[in-house]
Amino acid sequence: MTSIERLNQSSREEAFGALLACCGSTRWAQRMVEARPWADSASLHETAERIWWELRPQDWLEAFASHPKIGERHDAQPESSQSSRWAEAEQAGTRNTASETLADLAEANRAYQEKFGYIYIVCATGRSSEEMLELCRQRLSNDHETELRVAAEEQRKITEIRLNKLLEAA
């Protein structure tokens, strides 16, 4: 049985939990469960993207809130949470970062959240702390509407990566 078949045949609750780990929007995960079955991974990804862009901004904000801040240590997160483990791996670029850069990243995160009202969302996979810090500083010059769309696109990329991991694990 392929990973898509397993996801298609999962109970609603199992599929919802697995999909919610990929994207922290309850509405997105519910709509994805309702959209089953998928023929293949391409149709899964197409559906995921279509549903993501059909959501309301408050659904995006819910997804953003499910992430730890970039560079934040994950000690307070439950060990069993799949999304926490994925976030830890995605932020691997912050592991061996100088304390000064981590402090600068924490300050940029604070300024970002103060300005926009939600945490700085960036697809961290493959990026260094320095790259993420520079991107945050650049994005601080965006207006609210532009930044919400940029953050939503970053979340979409994260979700795509996590859907691939979900399929690999199944």
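In this predicted model, the largest nonpolar core consists of 43 residues, and Leu19, Trp28, Trp52 and Phe64 have the most contacts inside it. Several helices supply two or more residues each: H1, H2 (12–22), H3 (26–35), H4 (41–54), H5 (57–65), H7 (99–116), H8 (129–139) and H9 (144–169). Of these, H9 gives the most, with seven residues. In soluble globular proteins, nonpolar side chains tend to be buried together.

Leaving aside residues up to four places away in sequence, Leu19 touches Leu7, Trp38, Leu163 and Leu166, along with Trp28, Ala29, Met32 and Val33.

Asn8 lies in helix H1, which covers residues 3–9. Is Asn8 buried or exposed? Its relative accessibility is 17%, and because buried means under 20%, Asn8 counts as buried. Beyond four places in sequence, Asn8 touches Arg36, Pro37 and Trp38.

The average pLDDT is 89, and 84% of the residues score at least 70. Over residues 74–80, however, pLDDT stays under 50, and the model has nine contacts beyond four places in sequence for this stretch. Where pLDDT is low, the predicted coordinates should not be read in detail.

Conventions:
Residues are numbered from 1 along each chain as its sequence is written. This is a predicted model: local features need pLDDT of at least 70, side-chain atom pairs count only at pLDDT 80 or more; totals for chains, interfaces and linings use all residues. Side-chain values use heavy atoms; hydrogens and water are left out. Helices (H or I, at least four residues) and strands (E, at least two) are DSSP runs, numbered from the N terminus. Buried means under 20% relative accessible area, exposed over 50%, partly exposed in between (1.4 Å probe, protein chains only). Contact means heavy atoms within 4.5 Å. pLDDT is the predictor's confidence in each residue, from 0 to 100. A nonpolar core is a set of buried Ala, Val, Leu, Ile, Met, Phe, Trp, Tyr and Cys residues joined through side-chain atoms within 4.5 Å.
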